[in-house]
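Me: I'd like to learn how to read a helix and a core in a structure. Can we go through one together?

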Amino acid sequence: MPLHLPEGKRLAVSVGADFDAHSVWHGTFRSSSQTDLSRGEFGAMVGVPRLLETFARRGITTTWCVPTHTMQTFRSQVDAIVEHGHEIGAHGVYHEYVPKLSPDEERRLLDLQVRQHLELLGRRPRGYRSPALDVTGRTLELLAEFGFEWDSSLMGRDVTPYRPRMVQTVDFEHGNTFGPPSKVLELPVSWTLDDFPELETFKGNALMQSAHVLLRRWIDAFDFAYDRCPGGMLAWILHPQTIGRPANLLMLERFLDHVLQHDGVWFATLSEIYDCWTD
């Protein structure tokens, strides 16, 4: 494995948060509903403190991917995240849906979010997670151009970082071709390790999972990686407005306590995991 974890550590685990607040409703869902926006406010005012307390009690430090719209709307909550020692990664400006952007607009918004990180936090982000976990064929090249070290949006692996290759041409009859490996390291994710599509509910949506079903799935994913993939990593994605609800938070705490029963687990930020990589 190309990950060289700290001595005595068997598996790296990131239980990071995407702190979208209002922006996911503005950007991805194109909603101006006050009810939707109140869900984002719940994430900031209730979910963030609950999640920070859950992490602090267990000594967990991780990466929070935050749109710059959230930084400006809920500044004190972002300050609290930083004060607790967590990393802040880039996550768009207003949770824009990247595949719908023109090339010029994708570049402009990436430049803007880097400048806003510098203005608001005093440092540039080392890594990026695309809003809605979706990119274009240009995104990784732009990330490399703007000095990003890692991305955490793609799903081409599950327990090991990799250098992703964008599909360059699509040919149904002769097979697809890939471009060269990216200069940006991919720290892979999966919808199955993301709380939002499983636990959020919408009017008319009957797809919401039981927290107990999701807990079993997350435990199985961890157990597989711990037993069979030493030297690997897994990245969970949490959303304060989702995981902060009581039943969901209790599920998360049961999961974390299961993980903590195992020797050699390293709860790390995504940049700490990046720093363990060698090509």
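Predicted model: local features only at pLDDT ≥ 70, side-chain atom pairs only at ≥ 80, totals over all residues.

Me: Which residues of helix 4 are buried?
Reply: Buried means under 20% relative accessible area and exposed over 50%, with partly exposed in between (1.4 Å probe, protein chains only). Helices are DSSP runs of H or I, at least four residues, and strands are runs of E, at least two, numbered from the N terminus. In helix 4 (residues 75-83), the buried ones are Gln 77, Val 78, Ala 80 and Ile 81. They line one face of the helix, because they fall within an arc of 155° seen down its axis (the arc of directions from the helix axis to the C-beta atoms). Ser 76 and Glu 83, on the other side, are exposed.

Me: Why does Gln 77 count as buried?
Reply: Its relative accessibility is 12%, so Gln 77 counts as buried. Contact means heavy atoms within 4.5 Å, and leaving out residues up to four places away in sequence, Gln 77 touches Phe 19, Ala 44, Met 45 and Val 48.

Me: What about the largest nonpolar core?
Reply: In soluble globular proteins, nonpolar side chains tend to be buried together. A nonpolar core is a set of buried Ala, Val, Leu, Ile, Met, Phe, Trp, Tyr and Cys residues joined through side-chain atoms within 4.5 Å. Here the largest has 46 residues, and helix 8 (residues 211-228) gives the most, with 8 residues.

Key. Residues numbered from 1 in each chain as written. Heavy atoms only, no water.
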